[in-house]
Amino acid sequence: MITGSFSPSSSDLVNDESQRPRVITPFPSPKLTDLPMFQDDHKESLYWGTYRPQVYFGVRARTPKSLVAGLMWLVTKDGKHVMRHFCENSGDLKSFGWREHNGRDFGRQELFEQDMVLETSFVKSKEGSLGYGGDWSTRINVQNMLNDEVERTVHLFFYLADEGGNGLNLGKDVLGLKRSSVLASGSRQDVGNWQMHLKSQNQLETHYCGFKTPDIVNLSDLVQQNLVVQEGKSERLQLSDTSEDSSNIYVFQISTTTQSTIDIAFISGIREETSNTENRIMSLTGSPLSSLLEEKHIAFDAKFKECFNLSEKLDLETFVVGKAAIGNMLGGIGYFYGQSKIHAPRSTLAKSEDDFLLYWPAELYTAVPSRPVFPRGFLWDEGFHQLLIWRWDVQITLEIVGNWLDLMNIDGWIPREQILGDEALSKIPKQYVLQLPSNGNPPTLLLVIRDLIDGIRAEKFNKAERDEILSFLDRAFVRLDAWFKWFNTSQIGKENGSYYWHGRDNITNRQLNPQSLSSGLDDYPRASHPNEDERHVDLRCWMYLAADCMNSIQEFMGKKETLVTEDYSSISKLLSDFTLLNQMHYDHDHGAYLDFGNHTEDVRLIWKEVTGEDGRLSREFVRETFGKPEPRLVPHIGYVSFFPFMFRIIPADSTILDKQLDLISNRSIVWSDYGLLSLAKTSSLYMKYNTEDEAPYWRGAIWMNMNYMILSSLHHYSKVDGPYSSKARTIYEELRINLIRNVVRNYNQTGYIWEHYDQTKGTGEGARVFTGWSALILLIMSEEYPLF
């Protein structure tokens, strides 16, 4: 049995690090993912999984060149055949998502198609297997969704591919499946001899096609082309029953009706002399599989109640949404392998897509924000994801955080968006692929680490979990220290204790207000004319959290001063200095915390005639400044204004706290019956387009992560002694009810948890199945908040 790592380490990739540019040089310390806690049984137990969040249903192993399985099916749209494969954000599919998933060996998903429901279940077993990672099985239930008894024909396409290009063996009886249930077989170093079997009590018609290609991304196109050719020849919708030499992909067409159950079992580590193979197949198909899935379902329910302890006052509909939140979060965890593209300009001229360096080949095990729209790793999203996941499985959280920290370069920088591998690249516009080494992202992973430390203090972990967290922090400290230092040098402002997000475009004539993508808040309005004098209140608060977290780790772990590059205690005191914070960012007229920068409100997008190089006139929608910008506080109230409140820097007895509570609860500013708005209704940029085509994003819509953080602090201030605790409590209770009620209402109406919610109607908007940080609604239901 193979128990070692199947991915190359950074030391194997480059012989002479001195010849490598710093920006693509790995951080020189032991990798966190090499810790003993992530090896042996833990590694093997997580080897196989539904780690392909970008497809409707997919299975792979956590290794770079894996066997990959997936499901496609055919539907008719506007009289044409359309293949479902990669998750889409359109409304064609009425609803889909994981109803249950435990992150390890079980998941159940429902996909509501035009006239049918597909239920896909996944389960793993180690019983009798000698292959690394054991056996797994998927059940596909096809049910009629219409209120009639007419059985409709359904064409399913289940495929198996070897990413390494190795040839697969086709089963001998694939067209009949009478004497043998083997679809395909082969042998690999990791799983040994393997077979994939199909079992069903229903009448099936099966066909196949084999391809020799490294391209899995366009597999649905290849299958449709094959179907079109065959339909032209035989007038039947079936695959060609042919294969190319040494095919590394086999697609199996399973034609059945809308009341069918199909089981596909993957059996690994088969030895010729053993007689238990048939028993293992039987245990993962038919009635035994039904029993196993029911057992996993009961265990999921029990763990859900244990982890989140939801009040019995909550109704059944709310419980269903809570389960979907954690199920989709865990079911959306993916495994990616590839190389990030790092922007490395060869000249001072305009940026080119060809001006890049490749990061070292790396793997990433991570949750994703949204399977249809953002099926890849996002640094600042991940901290919010793990606030939820650690309460379910702290080992998964530690390994995911470790994966992210292992992506740090020698300067302490981590690329904020990870697009690793062809499947991830296929789901992102080209202009967002290049990562800029000058740009950061909010260090939300420290939210999780701080939460874990507080959890140890509150005795929320058993001894084994506590020891693993401490071992993790011991090795992680040097990387966290470097990460802080990178922020504290690259993003620092001119004033002592000030910071600003780098990467804003100071020469744009297209954007009404230059975006701050690195802040995570994209088009949230900042100073109209970016320069080095800016001070961003949200980044200052993130740096306070980071310094305070590092100081806590240092004290908790007893780290020696010689190992530390920063005086975290002093930095934490500086950034929590209430008087200094107010001098830099508080506006007494607005009663709010604001950014500072070179700003004028008199900026507009106008149509203007422009003469091109060819001498022709054209009309363009461009930015024009009509007033002179000047250094000042930027008068836009919204999420950024509440960061000192979120991070609890405001003393409980301060009158400023009272004014913050007034701002939060003011219906004319950010309060609504559905949650708190991202930008005040009084802002000059409220719901304004940033370019001709860029609709408002963080300019009014309701976002769950910021509502969760504000709600968390309302809960905190309602519990501490102070003159405003009762007021905080009243606002807390109403905001919490509003958020839960709106998310549950939308889920019942649409079947989805959404990226953000409309500021006037509360309707879901943006990405569907956004069970990244929007899944924090479950922690709101259970009233679980970071302590700070």
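1. Start with the aromatic cluster. Ring pairs join Phe374, Phe378, Trp380, Phe384, Tyr639, Tyr697, Trp698, Trp703, Phe770 and Trp773 into a cluster. Keep in mind that this is a predicted model. The count of aromatic pairs comes to 46.

2. Two tyrosines deserve a look. The ring centres of Tyr47 and Tyr132 are 4.7 Å apart and their planes stand at 80°, so this pair is edge-to-face. The pair links distant parts of the chain, 85 residues apart. Tyr47 is in the loop between helix 2 (40–45) and strand 1 (48–49). Tyr132 is in the loop between strand 7 (116–125) and strand 8 (135–144). Both Tyr47 and Tyr132 are buried.

3. Next, Phe122 and Trp136. Their rings form a tilted pair, with 6.1 Å from centre to centre and 40° between the planes. Phe122 belongs to strand 7 and Trp136 to strand 8, 14 residues apart. Are these two residues buried or exposed? Phe122 has a relative accessible area of 1%, which is under 20%, so Phe122 is buried. Trp136 is buried too, with a relative accessible area of 1%.

4. Charges also meet rings. Arg62 places its charged end over the ring of Tyr365, 4.4 Å from the ring centre. Lys341 lies over the face of Phe356, and here the distance to the ring centre is 4.8 Å.

5. Now the second largest pocket. Its space is about 820 Å³. Its lining comprises 34 residues. Leu420, Gly421, Asp422, Glu423 and Leu425 lie nearest the centre of this pocket. Strand 17 (334–338), strand 19 (356–358) and helix 9 (422–425) are the elements that each give two or more residues to the lining. By class, 18 lining residues are nonpolar, 6 are polar and 10 are charged.

6. Last, the cysteines. How many disulfides does the model have? The count comes to 0. A disulfide is a covalent bond between the sulfur atoms of two cysteines. Cys541 is in no disulfide. The nearest cysteine sulfur to Cys541 belongs to Cys549, 15 Å away. Cys541 is buried, with a relative accessible area of 0%. Cys307 is also buried, at a relative accessible area of 16%. That value is under 20%, so Cys307 counts as buried rather than partly exposed.

How values were computed: Residues numbered from 1 in each chain as written. Predicted model: local features only at pLDDT ≥ 70, side-chain atom pairs only at ≥ 80, totals over all residues. Heavy atoms only, no water. 1 Å grid on protein atoms, 1.4 Å probe; cavity = no way out; pocket = protein on both sides within 12 Å on 5 of 7 lines; lining within 4 Å. Points joined across faces, edges and corners; volume = space filled by probe spheres on them. Helix = DSSP H or I, 4+ residues; strand = E, 2+ residues; numbered from the N terminus. Nonpolar A, V, L, I, M, F, W, Y, C, P; charged D, E, K, R; others polar. Phe/Tyr/Trp six-rings, centres within 6.5 Å; stacked < 30°, edge-to-face > 60°. Buried < 20%, exposed > 50% of the residue type's maximum accessible area, 1.4 Å probe, protein only. Lys NZ or Arg CZ within 6 Å of the ring centre and 35° of its normal. Disulfide = S-S within 2.5 Å.
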